[in-house]
Amino acid sequence: MTFPIHRMRRLRSTQTIRNLFQETCPQVSDFILPLFVSETLKAPEAIESMPGVYRHSFSSLIQEAEKAHSIGIQAILLFGLPQSKDSQATQAYRKEGVVQRATRLLKKNIPSLVVITDVCACEYTSHGHCGIIQGQDVTNDTTLKLLQKIAVSHAESGSDMMAPSDMMDGRIGAIRGALDRKGFINKPILSYAAKFSSVYYGPFRDAADSTPAFGDRKTYQMSAANSREALREIEMDIEEGADAVMVKPALTALDIIARAKERFLPPLWAYHVSGEYSMIKAAEKMKWLQPDVAMAESLLAIKRAGADRIVTYWAKEAAKFFK
Ligand code: PBG
Ligand code: ZN
């Protein structure tokens, strides 16, 4: 017998052969685009730490969402930047709040685009934390009431899916109950189920002006050191009624994505977060990395690990890249 018998290179010999045996095949509908909308801006404003990403005015938001939808993006994840903030996040659940107005506009102008709204307080609190502060820390159970109000106001504005990103205990059950009592029995909840405390959210916090004024988010977001805890978080959110669960960040949690995919059946999404996006953009700018390919490779790895869908600031480019 001659060696080697198995020649792995046989299936790598041409591009078409490689296509034929490609295991992970991302497509446009895999990508969800996060968008920021401001209550005060009249024109889009570049976010310095996120090249290519903007804070939108109401009208540029619609244009950007239309553009994304026209190339096949099915859903956006909406974040609001309010005119004013206070300790109780009252702007987060106003009928005329920024996300509520933007959602109504989006649904009116682009009815088939799925609008997912981020349910959290940190963009609306003067202290930048994801809930109501008592002493130096966020109180869990009063924050649940706030989250219920926010989620219900989003649903009333026509949001198609609510995505709580706060990491309070019991929030999925609390929000599910509040939505059901208001008759929104068919509005799904996408839970940020395993959300790690991460420095990679830095550029997002620049964009949303939501850096905590004191302390950090470590009493509610998870430690990067823990994996079984992440699986428990996911398990509990599913038990409380989450329709889909998300892991965040993505590249630093590929192990969690892979294990969650084997263990749980509900749809599993991953969030390729701001810092993951921006560090590649920065390296591209320095000409240390070839444009686009590093981003594509990252998204491939996230999908390969088991994510069914990926929230990414690079969604439009990814849609073109993987076509
Ligand atoms: C709000 C929220 C954050 C992100 C999504 N929702 C920021 C945070 O928790 O500090 C981060 C997204 C990103 O970095 O792209 N809780
Ligand atoms: Zn938050």
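Biologist: Let's start with salt bridges. Which side chain does K303 meet in a salt bridge?

Modeller: A salt bridge here is a side-chain nitrogen of Lys or Arg within 4 Å of a carboxyl oxygen of Asp or Glu. K303 pairs with D30, at 3.1 Å from N to O. The two sit in distant parts of the chain, 273 residues apart: K303 in helix α10 (residues 293–305), D30 in the loop between α1 and β1 (31–38). Helices (H or I, at least four residues) and strands (E, at least two) are DSSP runs, numbered from the N terminus.

Biologist: How many salt bridges does the structure hold?

Modeller: There are 13. Keep in mind that this is a predicted model: local features need pLDDT of at least 70, side-chain atom pairs count only at pLDDT 80 or more, and totals for chains, interfaces and linings use all residues. Residues are numbered from 1 along each chain as its sequence is written, chains are lettered from A and ligands numbered from 1 in the order in which they are written, and side-chain values use heavy atoms, with hydrogens and water left out.

Biologist: Okay, on to the ligand. Which residues come nearest to ligand 1?

Modeller: "Around" means having a heavy atom within 4 Å of the molecule. Ligand 1 has 20 such residues, and K195, R205, K248, S274 and Y313 come nearest.

Biologist: And which polar side-chain atom lies 2.6 Å from an oxygen atom of ligand 1?

Modeller: One belonging to K195. For a polar contact, look for a pair of N or O atoms within 3.5 Å. R217 also has a polar side-chain atom 3.0 Å from a ligand 1 oxygen, while S165 has a side-chain N or O atom 3.0 Å from a nitrogen of ligand 1. On its own, ligand 1 has 400 Å² of accessible area, and the protein covers 100% of that. Those areas come from the Shrake-Rupley method with a 1.4 Å probe.

Biologist: Is phi of A89 positive or negative?

Modeller: Positive, near 55 degrees. You'll find A89 in the loop between β4 (75–81) and α3 (98–109).

Conventions: A polar contact is a pair of N or O atoms within 3.5 Å; within protein, one must be able to donate a hydrogen and the other to accept it, and residues adjacent in sequence count only if both atoms are side-chain atoms.
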